[in-house]
Amino acid sequence: MRIRKRNSGSVATPALLSLIIVVMVAITVYVFASNFPWAVRPAPITSVGAEIDHQYDLTLAVAGTVFILSQLGLAFAIFKFRDHGQKAHFTRGSNTLEAIWTTATIVLFLGLGLMGHKAWAEVRFAPPVPDAIQVEVTGNQFVFNFRYPGPDGKFGRLDPKQISASTGNPLGIDANDPTGKDDIVVPTLTVPVNHEVNLLIRSQDVIHNFYVRELRIQQDAMPGMVIPLHFTANTIGQYEVVCTQLCGLGHSRMHSYLNVVSDADYDAFLKQQAAAQ
Amino acid sequence: MSSHAHTGGSTVHAPMAEPSGFIRKYIFSVDHKVIGIQYFLLALTAVVIGIVLSLLMRFHLVWPNATLPFVSGGQMSQEQYLALVTMHGTIMVFFVLTTAPQGGFGNYFLPIQIGAPDMAFPRLNMLSFWVTFLAFVCIIAAFVVPGGAPISGWTGYTPLSGLGEITGPGEGWGQTLWIVSISLFCLASLLGALNFIATTIDLRAPGMSLMRMPLTVWGWFVTAILGLLAFGVLLAGGILLLLDRSAGTSFFIPAGLVVNDQLQAHSGGSPLLWQHLFWFFGHPEVYIAILPGMGVASHVLSTFARKPVYGYRAMAYAICAIGFLGFMVWGHHMFVSGMSPYSGFAFSVLTMSIGVPSAIKTFNWLGTLWGGKIQFKTPMLFALGFVSLFVSGGLSGLFLAQPAVDNMLHATYYVVAHFHLVMGVAAIFGIFAATYFWFPKMFGKMMNEPLGKIHFWFTFVGAYCIFMPMHFIGIAGGIRRYADASAVAFLARLQPVHQFMTIAAFITGAAQLFFLFNFFYSLKFGPKASKNPWNATTLEWDTDSPPPIDNFGGHYPSVYRGPYEFSVPGAVDDFIPQWQEPAQVARVK
Amino acid sequence: MPSTIITEEIELIHSGKGPGGGDSSGDGGDGGDGDGGRGDSSGATRVPQRAYITGMFIALAGILMFFMAFVSAYIVRKDMPNSAWIPLQVPRILWLNTLILIASSLTLGRAHSRFSAKDEKGFRHWWATTTFLGILFVAGQIIAWRQLAAQGIFLATNPSSSFFYVFTGAHGLHLLGGILALLCVQFGATRKVARGTAIEVVSMYWHFMDGLWVFLFLLLYLGR
């Protein structure tokens with residue numbers, strides 16, 4: 001078999017491909033560095049939210065560096081080693097290099113992962129404080145209902161057979177349970193600022209999810225389970241609550257609000273709701 | 001698993017007779033090459049449907065009030081959008097990404113690349129294809145049954161998928177057909193996996209030790225092992241779900257549910273159980289989708305850079321590591337599901353670990369290019385694109401693997417961007433690279449280079465235009481599987497980005513016509529292909545284009561060296577094929 | 001490893017070579033000489049018999065995962081709080097069925113050794129006994145189902161009964177497949193597969209189904 005002298009390829013294709021990759025990296029970095037409204041998260045309203053943001057930023061730094069180096073490395077190799085008449089350099093690889101970059105990757109990835117667990121633990125492992133405000137969150141197709149225990153501090157028993165949205169009992173509070181008489185059921189969540197709240201998240205039908213971007217935490221509402229989720233909001237304001245778990249044809253309409261108010265406003269809210277019972 | 005390192009020449013046998021008759025030759029054929037093409041054409045049909053579905057979705061997201069002629073009622077409803085979401089995901093994941101790389105190219109080229117005349121069990125192979133075809137008919141039928149297609153997503157979470165029509169349109173017949181289709185697909189894949197594994201273990205030619213197998217074969221082999229161990233679990237889950245829907249059992253449905261004011265008569269099942277069963281399959285499934293593409297990328301990069309794969313052994317081990325770890329990370333889909341947070345911690349550590357072999361592969365791909373002599377033919381362009389897209393898509397996984405950060409990003413467009421970049425683009429690029437690379441061998445004709453390049457440029461740029469912005473809107477809180485953004489105030493500012501992505505999607509979708517035209521035109525009118533147009537080294541290039549019925553025309557090759565002997569110092573040619581006897585290699589004096 | 005267990009029994013079809021034929025290292029598949037007189041153009045004639053053994057190992061791995069999915073669902077469900085789980089008393093006939101199935105494995109082993117000793121009559125006798133015991137087992141399982149139904153315990157009655165029917169139903173279906181395979185060997189309908197290999201492969205399957213049943217039965221019994 002006679003060797004055929006290879007013509008050097010044209011430079012247009014490798015140049016264009018390298019350029020596209022470089023431009024893609026540049027645009028990506030630019031968007032991350034700027035603050036376009038469609039690319040940024042809202043300010044967090046909890047301290048754990050700030051920690052989550054910190055972990056995110058750390059991950060971005062690591063991932064971003066790897067991204068830039070590998071994409072630019074690829075672009076460089078594409079252009080520099082295009083066929084322009086040279087011989088390829090024969091090598092089967094280098095065990096040393098494999099060991100080095102494997103170790104570096106392990107340290108980097110696992111280190112990054114381990115660092116993020118403090119924030120996770122604070123949300124999930126640490127129990128709520130004893131005087132946290134308990135609010136039950138119930139999802140069903142396609143509304144949220146929030147239940148407060150009322151002055152007696154106890155939630156009434158629920159009976160699915162007594163669910164009737166039309167007569168004002170969407171959760172099915174058992175009429176035979178006296179502790180349920182003062183329960184407050186409202187369609188939006190109102191909490192006082194700087195006071196820990198423990199949500200008890202449940203569902204009446206299919207899987208839903210409770211998510212507020214500013215809290216940085218979300219939790220599936222799993223039928224058959226009551227799942228606690230605690231947080232302490234530190235900024236007064238109104239924030240949107242969305243359902244992020246596909247729950248049927250009204251999924252994108254399932255929406256509510258988190259109202260973080262002052263202590264005085266919160267007490268007023270409770271009084272007003274108690275009077276309306 | 002013994003290594004079978006033989007010496008000795010190839011054996012000669014009488015050439016096999018071709019089957020007679022159109023039916024036995026092209027329809028009910030047991031020839032792995034015909035079956036491979038059947039799988040490929042099935043996947044091609046599926047991908048066209050899948051792309052149309054996605055374009056309809058993108059159209060609706062930007063123009064929700066537009067009147068569409070083929071939609072009953074004129075405007076697309078919420079449930080119709082969700083049906084598109086469900087069917088797009090299901091068809092693409094199963095009938096494109098699990099079918100083309102493995103059933104298509106794996107079937108065609110695994111036996112040839114190891115020097116075998118066919119798969120170990122050809123009739124089983126034929127059965128696998130036709131059961132897959134039946135599964136495809138079932139899923140398409142879901143569009144036309146009363147109630148239409150299911151709306152529970154490709155993940156089919158219960159109770160939405162388990163209670164029947166009462167949870168929404170499409171949840172009656174549509175969901176049942178979905179389960180039946182997927183169950184059939186599982187059966188077909190199990191049979192296929194059996195064939196692949198037995199063939200790779202027992203039918204390798206003399207001299208083809210494990211460490212001389214092309215990385216494409218490693219990819220198909222490990223993928224088959226994943227399929228063998230994962231599809232049975234999904235099949236089991238599907239059977240239990242069918243029982244819940246039609247036999248009154250409560251595997252996945254808790255007691256006391258009230259849907260549409262009706263109390264459901266179920267007793268204490270667990271929706272989490274479905275998620276565990278589904279994702280125990282579902283995570284290996286995504287590695288099933290990408291591993292063959294990784295094998296093809298290594299193979300094509302090496303061939304067109306005229307250099308051995310950098311770190312061949314590390315690459316083979318990395319494929320095995322990804323496969324192995326792939327079984328241990330499924331909980332990272334369930335961080336916010338109500339699963340124990342301790343499990344979340346464990347799954348997170350394991351998921352970060354799986355980034356390590358993936359990173360090793362990326363470094364080795366760069367190493368393969370480094371110092372090479374790169375020729376930019378279309379297969380190579382797609383392989384290079386694969387590397388770039390895999391890096392982009394893989395790195396966003398680092399965020400999602402950490403439960404603290406996942407709390408913020410779960411079920412947003414960030415996740416959609418991540419899996420589309422790795423599966424919906426990188427894996428697809430693997431399929432394109434394979435198609436352009438092996439088309440000459442399969443059909444005896446060359447595809448058109450300029451058209452191939454045009455296809456590449458549009459698709460590469462287009463894919464980034466569609467899926468990079470998705471990361472950003474995910475960070476800003478864009479929720480996935482939302483039919484419209486009108487109810488939530490903070491979604492309004494994301495609309496311009498949606499418009500950009502939709503326009504990019506339409507252009508990129510249209511650009512696939514270049515590929516379709518090139519493919520079918522070249523079948524008929526392409527220039528004739530030689531045995532080895534790419535000067536490649538693996539066994540498929542030692543036979544005619546297309547190969548005869550028994551792959552090597554009665555002559556069976558022996559293998560004398562590894563699969564990527566390019567630019568070996570001292571050799572006259574810049575490649576030494578696996579089948580060339582050492583005495584025949586022209587050496588520089 | 002499979003190749004060392006059955007090297008003596010590999011018969012490369014169409015090669016005309018006896019057991020142990022093919023090349024010495026056990027690799028091969030290239031001892032055939034085309035389709036011979038079979039008139040089958042499938043191209044599989046060069047498949048080494050060893051591939052069927054490998055194939056059966058692989059199939060059993062896949063089947064195991066299928067059953068393990070049911071088993072893990074069972075274990076999870078059983079221990080769930082508030083799950084309305086009422087433990088099921090397994091019908092006593094299941095003990096008898098289990099003994100019958102274990103006996104069938106013993107008769108199968110006997111048939112196998114008769115075959116190795118080239119005792120065709122002995123082989124056929126013990127092989128048929130195994131088939132008979134297998135059919136008896138399936139009949140016993142159906143009786144168990146009818147006993148439960150008579151007590152008003154059906155598939156959807158309680159989660160525990162759901163799992164009972166799923167376990168026994170799935171296992172029973174697989175066992176029926178095994179009975180079909182036993183019959184195929186009995187009546188010489190094993191197509192391309194050499195008889196020794198077919199016997200080996202069906203035996204593997206049968207013993208596995210036996211072991212699987214013992215495991216499932218213990219699980220159900222201990223979970224009562």
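The questions below concern a sheet and a pair of helices in a predicted model.

Me: Which strands are the edge strands of the open sheet of five strands in chain A?
Reply: The sheet has mixed pairing, and its order is β3-β2-β1-β5-β8 (chain A). An edge strand pairs on one side only. In chain A that applies to β3 (184-186) and β8 (227-232).

Me: What angle does the direction of helix α5 of chain A make with that of β3(A)?
Reply: Helix α5 (residues 263-276) of chain A packs on the sheet. There the helix touches β1 (133-140), β2 and β3 of chain A. The angle between its direction and that of β3(A) is about 105°.

Me: How are α2(C) and α5(C) oriented to each other?
Reply: Helix α2 (residues 50-78) of chain C packs with helix α5 (residues 159-186) of chain C, their axes being 10 Å apart. The angle between them is about 170°. Angles over 145 degrees count as roughly antiparallel. The two helices, α2(C) and α5(C), are therefore roughly antiparallel.

Me: How many nonpolar residues has the contact of α2(C) with α5(C)?
Reply: On α2(C) the contact residues include C:Phe66, C:Phe67 and C:Phe70, and on α5(C) they include C:Phe163, C:Val166 and C:Phe167. By class, two residues of the contact are polar and one is charged, while the number of nonpolar residues is 12.

Methods: Residues numbered from 1 in each chain as written. Chains lettered and ligands numbered in written order. Predicted model: local features only at pLDDT ≥ 70, side-chain atom pairs only at ≥ 80, totals over all residues. Heavy atoms only, no water. Pairing = 2+ DSSP bridges. Helix = DSSP H or I, 4+ residues; strand = E, 2+ residues; numbered from the N terminus. Contact = heavy atoms within 4.5 Å. Axes fitted to C-alpha atoms, helices over the stretch in contact; angles between N-to-C directions. Parallel < 35°, antiparallel > 145°, perpendicular 65-115°, else oblique. Nonpolar A, V, L, I, M, F, W, Y, C, P; charged D, E, K, R; others polar.
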